[in-house]
Amino acid sequence: MIKIIFKLILLTGVFCMVSFVSFGQNVKGTVRAFGSNELLAGVNVIIKETTNGVVTDFDGNYEITANAEDVLVFSYIGFITKEATVGTNSIINMEMQEDSQQLDDVVLVGYGTQKKSQITGAISSIKNKDFKDKPNANLSSSIQGKVSGLNVTTPSGTPGAGLLVSVRGNSNPLYVVDGIPLVSESNSALSTSFDTDRNIVGKGQNISSVSDINPNDIESIEILKDASASSIYGARAANGVILITTKRGKDGKTSFNFNTYTGFQKVARKIEFLNSNQFVELIEEGRANDLNAYNQDNSIFGAGFDPSILTDSLENFNLDGTDTVWLDEVLRTAMINNYEFSTKGGSEKTKYFISGSYFNQEGIVIESFYKRYNFRLNLDHKVNDKFNIGSSISTSFSNNRRSFNDNTYTGIITNALGASPLMPVYNADGSYASFEDYQASWLSDNPVKSAKEIRAFTKSYRFLGSAFASYKITPELIFKTTLSADYNQLKDNQFLSPLTADAEAVSGEALEGNFTGTTLLTENTFNYSKTFGESDLNILLGTSLQKTSSTQSRIVGQGFPTGGIENISGAANIIGATSTGTSFSLLSYFGRLNYGFKGRYLLTGTIRADGSSRFAKDKRFGYFPSASFAWRVFQEDFFPKEGMFNDLKFRLSYGLTGDQEIGDFQNVNFYRSSNYNGQAGINLRNIADPNLTWQSNKTLNVGIDFGLFSNKLNGSFEIFKSNKTDILSEDVIPGTNGFATVTRNGGEIENKGFEFNISYNAINTVDFKWNINFNYTNVKNTIKKLNTDNVLLNAYNDLAPTHVLQVGQPVGSFWGLKYLGVDTQTGDPMYQDLDGNGEIDGDDAQIIGSALPKGFGGITNTVNWKNFDFSLFVRFSYGNEVYNLIRPTYENLGYGNDGGLSSVYANNSTNVLDRWRQPGDQAEYPRASFINANFYEGSTQFLENGSFIRIQNATLGYTFKKIEFVDDLRLYLEGQNLYLFSKYKGFDPEVSSTGGSDARTAGVDYGAYPQARTFLIGLNIGF
């Protein structure tokens, strides 16, 4: 009996244990907001260190099965995460407090930091988590489309090329990396914009030194958009400021991270061209049309016209089976690889961050590539409780195999767009086929030969370094001194083989260029912070001294022996050499006061005085004050706390910034060395305006920050207006002075508009999270005043005017004739005869469009499901036009360039298949003609809508569970530039063949390097 009882007791105990382990106990409860007792729906209730959990219902209730030893974790967006041990409790109610951390995130401002809740100016911030593990080759691409007010465009697909960045319509902002103002212009001696006689006729590709920075070294990026935020940088803040903070070490365990990705790139959009049969058909149709017109009126082509041009066979214009697709010959599938390794850690006293990386991108145009090596060392050391020291050191080396495209007659793409399909790449003996032997008189060379036999390299060495020391004089007062240096060395080498049409007559040509730039900066600041009663006070006072110097040289030689000698020392003749040097200095005093009362009334006042060597002594200093006020309405007692709002703040700011970017020594008449008939001498370099002084930029900003629905919806809305007055510009003067322009103050440009950012946490459950970020910016640019009105400008020196500066119109206004379509009876193009004189010529030109978009923005969807993550980024822009000036070449409709030539001009795109062929045709294109040019280059016939929607990026990743020795392991796939919704007929509407740095002549497409579509697979390991 005893044994039976014992067995029953044992079985009962086991049953109870199994029941407890398998089924646990039911726990339920209600979750409320602390203080307001608001019921919280959608709170995650998860058993700690598991994925088991539930979500509260609309009444804040939950029910979960858990064991006594389990810990429940309550988490909700905008609230502090809380925990509770189950124990014997069957009911666990929870009150959750709002998390002020979101509002109190630290944001970098000039010469310091502020809590996000205390910001009074217009500042957008992007943290590392927003672009972590994203394959970005350029730091500008890390912020592309991510914040309002900032427009980042890609004018060329050239590897290593600079991106165009504008802040609220103002181009070329100041970059500050770890406190170092960065020189970000292109200093290459190589131009990529030539005519057929090798004369430089434009700017071509823009090579940006900002590309030297590894984006994955960045911890945060702040964009200072209004004067209140940026005026602390005074003279250099005219176009906005982008502050970049790199990663630093933390005390604790040493961590390592390895990130790599590899993939391939292909041209995103191709232009389809006529095949050999279609090409021949087009030309013969054009000749037949002209012969018919001549037979009806033999004077139509002028006296002495020989009609045999329209009937005789064209030389080498026969169908022999050759059908070359030239874009396929010069474009390729290109590889891209990146390897990064970093480590960080330290103790309470010493912290470090070390990283190294290698980036290798082949260009989609054959032979081109871009390689970059980076190393970074950031150190922080706490000497004692009062004294801290630290340093930031970054070095980089890049090697760019340049591709001659973008605004040049002799470019690879330019020639490929017009090459005849009847022409092979190589002759039967393996030599390059010569374009002169085939019907394509517009070409300057065989495109493949240009790619292989013009070898141009730009190598860049960059050092960025700073060292600082700070001393806490009192608990409230800290002194900091910083010494920084930016050293940049650029070396250009170019060799044009004697095989090329460009250098055949001179037996080869070589160029060697060198640039060295050094910026030294020392800054000293006192920072005082004090809280007394309900008031918070912060005062910053500082001085800054900067000296920038540079030297540049360029030498060109011709005549090289065979055998592979390409160095400039092997040249038989030195045909040109220049060497220049320049420098400028900037002495500054600045101060800022931040005052807050009760955490709800916030005031900021800033002033900076800049003294620049670029101005005369009596005009050397400029003064740039600003003031801003913010009111955190949500903190007021009268504001309801149980409504839809969780935060509401109003902001108002007004201030001045300045501009001194005119080049050195423009304030004095300056002489330079020259020669006259082989004799040394000097000549006048410029005419100086003795009244030259600072440009001023007045900015007004009104903003609202808000948080709604338990901070599920957050955002900001801004209205802004900025006026640039006393603009520093090159004004046109009478040629009798010996100079075309003079640098002087004059004119006014206004930018006004609005912008907003919205972040919405659509779903936040245990296993599934979905976040949406959307931003939009609308900018209207207007010229209010000019010294000289109606100034016509050329994006390409030897073409008709493409742009105009006119009061009442935006900068970058296009100039040309208005195209009215095709005459359905004759097939001739029709244009507006503006002056009514019966003739169509340059006198009928008018403003026909603008290169500046009316609005732009982006939307990012981020989804997490269990261990999977997915993001989709879409970017858009609308309201601008693009002058596609290469289209008249490859849509010439069979034109022979000159009635006296028995030669075809160039091949045509398949767009011309929709051309007029007989009376009554409703066609997009006029009739084919061999003698007449049935197009007008500078007209709306080639002005296109530049609006687009681009699927910029899609990423799918999987994060593995922790394994031994590995803390983080993530595998991801990514596609970039996946699809473009656009009516543009070229490669891409986001283009500016002139490099785009000059807004006055932006928005022109002349054989730009095509943009690529990229597919990547990547791996990130943390241990």
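**Notebook: salt bridges, strand pairing and a charged patch**

I looked up arginine 455 and found that glutamate 566 forms a salt bridge with arginine 455, with 2.7 Å between the closest N and O atoms. I count a salt bridge when a side-chain nitrogen of Lys or Arg is within 4 Å of a carboxyl oxygen of Asp or Glu. This pair links distant parts of the chain, 111 residues apart: glutamate 566 is in the loop between β26 (535–558) and β27 (573–597), and arginine 455 is in strand β23 (residues 454–472). Helices (H or I, at least four residues) and strands (E, at least two) are DSSP runs, numbered from the N terminus.

The model is predicted, local features need pLDDT of at least 70, side-chain atom pairs count only at pLDDT 80 or more, and totals for chains, interfaces and linings use all residues. I number residues from 1 along each chain as its sequence is written, and side-chain values use heavy atoms, with hydrogens and water left out.

Arginine 455 also meets glutamate 453 in a salt bridge (3.5 Å, N to O). I then checked exposure, where buried means under 20% relative accessible area, exposed over 50%, and partly exposed in between (1.4 Å probe, protein chains only). Glutamate 453 is buried at 12% relative accessible area, and glutamate 566 is partly exposed at 31%.

I searched the whole structure and found 39 salt bridges. One of them joins the side chains of aspartate 178 and arginine 376 (3.5 Å, N to O). Aspartate 178 lies in the loop between β14 (174–177) and β15 (180–182) and arginine 376 in strand β21 (residues 369–382), so this pair ties together parts 198 residues apart in sequence. Both aspartate 178 and arginine 376 are buried. I also noted a network of salt bridges linking Arg168, Lys225, Lys649, Arg651, Asp705, Glu718 and Glu755.

Next I looked at strand β18 (residues 252–267), which pairs with strand β19 (residues 334–346) in the antiparallel sense over twelve bridges. Two strands pair if DSSP finds at least two bridges between them. Glycine 252 has glycine 346 in β19 as its bridge partner. β18 also pairs in the antiparallel sense with strand β52 (residues 1012–1022), over eleven bridges. There, tyrosine 261 stands opposite glycine 1018 in β52.

Last, I looked up a negative surface patch, formed by Glu315, Glu436, Asp437 and Glu504. Patch residues have over 30% relative accessible area and no salt bridge, and like charges are joined within 9 Å. Glutamate 315 lies in the loop between α4 (276–296) and α5 (326–330) and is exposed, with a relative accessible area of 62%.

Conventions
Patch = residues over 30% accessible without salt bridge, like charges linked within 9 Å, V, L, I, M, F, W, Y side chains within 5 Å. Areas by Shrake-Rupley, 256 points an atom, 1.4 Å probe, with all protein chains shown as cover. Lys, Arg positive; Asp, Glu negative; His and termini not counted. Charge placed at Lys NZ, Arg CZ, Asp CG, Glu CD.
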